[in-house]
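User: I am new to this structure. Please take me through how its two chains meet, and tell me what each term rests on.

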Amino acid sequence: MHELSLSGAVLNTVVKHAGDRRVSLVSLRVGRLRQVVPDTLEFYFEFVARGTLCEGARLELEVVEASLRCEECELEWEIEIPAFRCPTCGGAEVAVATGNEFEVESIEVEEAACIAQK
Amino acid sequence: MHRTKVRIVEDALDANNTIAQANRADFDRAGVTVVNFMSAPGAGKTSLLERVVGDVPQVRVGVLEGDVQGSMDAERLAGLHVPVTQLNTDPSFGGECHLDANMVRSALPELPLQEIDMLVIENVGNLVCPAEFKVGEDVRVMVSSVTEGEDKPLKYPLMFRTCDLVLVNKIDLLPHLDYDLDRFLYNVDQVNPAAERLLVSARTGAGIDAWRDWLSDVAARSREGAIA
């Protein structure tokens with residue numbers, strides 16, 4: 001269900017950067033830890049985009065694998081299950097290195113032909 | 001007509017985070033410590049608030065009730081003579097499954113910030129969506145009741161990962177369940193080693209003093225500016 005709100009957040013971010021240009025493609029980076037269901041996000045994005053500059057735009061998702069970094073021994077490792085303790089030193093001061101992303105990486109916009117060519 | 005790629009690299013939740021920061025600044029100015037209180041539906045959030053909000057030593061507590069619909073929880077708490085403000089998330093169809101920073105912002109004018117030292121925001125019952133949206137809180141507290149099973153930290157890591165305190169509720173039911181408490185605490189430790197944990201029962205009152213003390217302590221630390 002949160003995909004509806006998240007797709008709204010994506011739309012607002014894109015429209016802010018689009019100016020008044022129509023958007024044909026939105027590239028999104030989504031970390032594994034965000035619990036986002038890609039199909040659901042695409043479904044809602046198409047819905048919230050209706051009547052906006054993003055109507056009909058394709059949503060492209062890049063899933064970023066989750067990796068952690070131990071602040072104590074500086075080990076960096078990828079995780080499959082959510083276990084956040086350092087496997088070598090047992091440290092609890094662990095930062096999420098990747099996997100928390102929910103960012104609009106780029107958009108593709110339609111521009112009118114360049115005026116300078118006239 | 002041609003197509004151009006525009007590089008953006010911007011967190012799509014920036015707008016929410018910016019509003020959350022503005023909320024936090026307003027709460028700080030008013031000297032109000034804010035607790036974002038979350039759990040699955042029926043874990044016992046309102047019951048655990050009923051137990052403590054009226055008598056946290058030297059802390060006047062107010063509650064902001066977030067619900068998809070209705071004001072049943074607000075009515076339960078109003079009997080305790082603490083200020084309760086209702087915020088429904090159902091402006092159109094279905095209703096939002098969480099509170100976001102803007103909804104809390106819209107409720108600011110109705111909150112009696114001058115009359116309270118702490119605001120507990122009771123979020124919509126849900127283990128997924130509320131974890132994504134900051135609302136301007138100082139701390140996050142979640143309730144996980146023993147009837148939900150010991151695997152929940154692994155299934156909802158984002159929620160457990162972002163909490164400062166996990167209240168394990170309904171411990172009076174432990175003799176009747178196959179629930180493995182040690183396993184649950186181990187799972188919490190895997191997901192969020194820094195989280196504090198308190199075992200409580202809203203029904204029997206077990207652990208309630210510690211829960212009340214925790215809130216009192218958070219208010220004190222917040223006054224000293226010791227919460228990032």
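What follows is a short exchange about the interface.

Analyst: This is a predicted model, in which local features need pLDDT of at least 70, side-chain atom pairs count only at pLDDT 80 or more, and totals for chains, interfaces and linings use all residues. Residues are numbered from 1 along each chain, chains are lettered from A, and side-chain values use heavy atoms, without hydrogens and water.

User: How do you know how confident the predictor is in chain A?

Analyst: By pLDDT, the confidence in each residue, from 0 to 100. The mean for chain A is 89, and 94% of its residues reach 70 or more.

User: What makes residues of chain B and chain A count as in contact?

Analyst: Heavy atoms within 4.5 Å. By that rule, 32 residues of chain B touch 34 residues of chain A.

User: Why is the link between B:Glu10 and A:Lys16 called a salt bridge?

Analyst: The rule asks for a side-chain nitrogen of Lys or Arg within 4 Å of a carboxyl oxygen of Asp or Glu. Here the N to O distance is 2.6 Å, so the pair qualifies. Across the interface the rule finds six salt bridges.

User: What makes strand β6 of chain A and β1(B) a pair?

Analyst: Strands are DSSP runs of E, at least two residues, numbered from the N terminus. Two of them pair if DSSP finds at least two bridges between them. Strand β6 (residues 102–111) of chain A and β1(B) have eight, in the antiparallel sense, so they pair. In this pairing, A:Ile107 stands opposite B:Val6.

Notes:
Helix = DSSP H or I, 4+ residues; strand = E, 2+ residues; numbered from the N terminus.
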